[in-house]
Amino acid sequence: MEHALISPQLALGTHQHDILKPKIDSDNDEKICVVCEDFATGYHFNAMTCEGCKGFFRRTVKNNKNFLCAYSKNCAVTRQNRRQCQACRFQKCLNKGMKRDCILSDLELNKKRKIIQKVIRTNTQISLSRSS
Ligand SMILES: [Zn+2]
Ligand SMILES: [Zn+2]
């Protein structure tokens, strides 16, 4: 009875079929930065980017920088040469959907956080001076 249930050939067959099957790894495939093609760490300011481009975009918007391309505004931005032309790197960030607004709201949040921290600090100072 038991022998009839499990056929060794069939078991082997399915096993081989599994190996030959092309891997479908849509969930765990490596994320690629849409700007420089480095490994991305997730969505930053509305686009899938690496930590480098995330920081670059944030700094640029935060400091209100205006870069000028020394070439013809169509430099290739890759992992290797992404530092060469900041103008084209920033333009590519925008083209890929990164949003200035996301940073501004981020900055606003930080400001608010700082104000809250200040309030907490002054409050603790007051209570400390009262208790002493
Ligand atoms: Zn990048
Ligand atoms: Zn350029």
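Two residues count as being in contact if their C-beta atoms, placed from the backbone, lie within 7 Å. The model is predicted, so local features need pLDDT of at least 70 and side-chain atom pairs count only at pLDDT 80 or more, whereas totals for chains, interfaces and linings use all residues. Residues are numbered from 1 along each chain as its sequence is written, while chains are lettered from A and ligands numbered from 1 in the order in which they are written.

**Exercise 1.** Work out whether the span of helix α3 agrees or disagrees with 1.5 Å a residue.

*Solution.* Helices are DSSP runs of H or I with at least four residues, numbered from the N terminus. The expected span is 1.5 Å times one less than the number of residues. For the twelve residues 51-62 of α3 this gives 16 Å, and the end C-alpha atoms are 16 Å apart, which agrees.

**Exercise 2.** Find the buried residues of α3 and state how they are arranged around its axis.

*Solution.* A residue is buried if 20 or more other C-beta atoms lie within 10 Å of its own, exposed if 12 or fewer, and partly exposed in between. In α3 the buried residues are C53, K54, F56, F57, T60 and V61. They cover an arc (taken from the directions from the helix axis to the C-beta atoms) of only 165°, and therefore lie on the same side of α3. The face turned away from that side carries the exposed residues G55 and R59.

**Exercise 3.** Identify what the buried residues of α4 pack against.

*Solution.* Helix α4 (residues 86-95) has the buried residues C88, R89, F90, K92 and C93, and these pack against α3.

Key: Helices (H or I, at least four residues) and strands (E, at least two) are DSSP runs, numbered from the N terminus.
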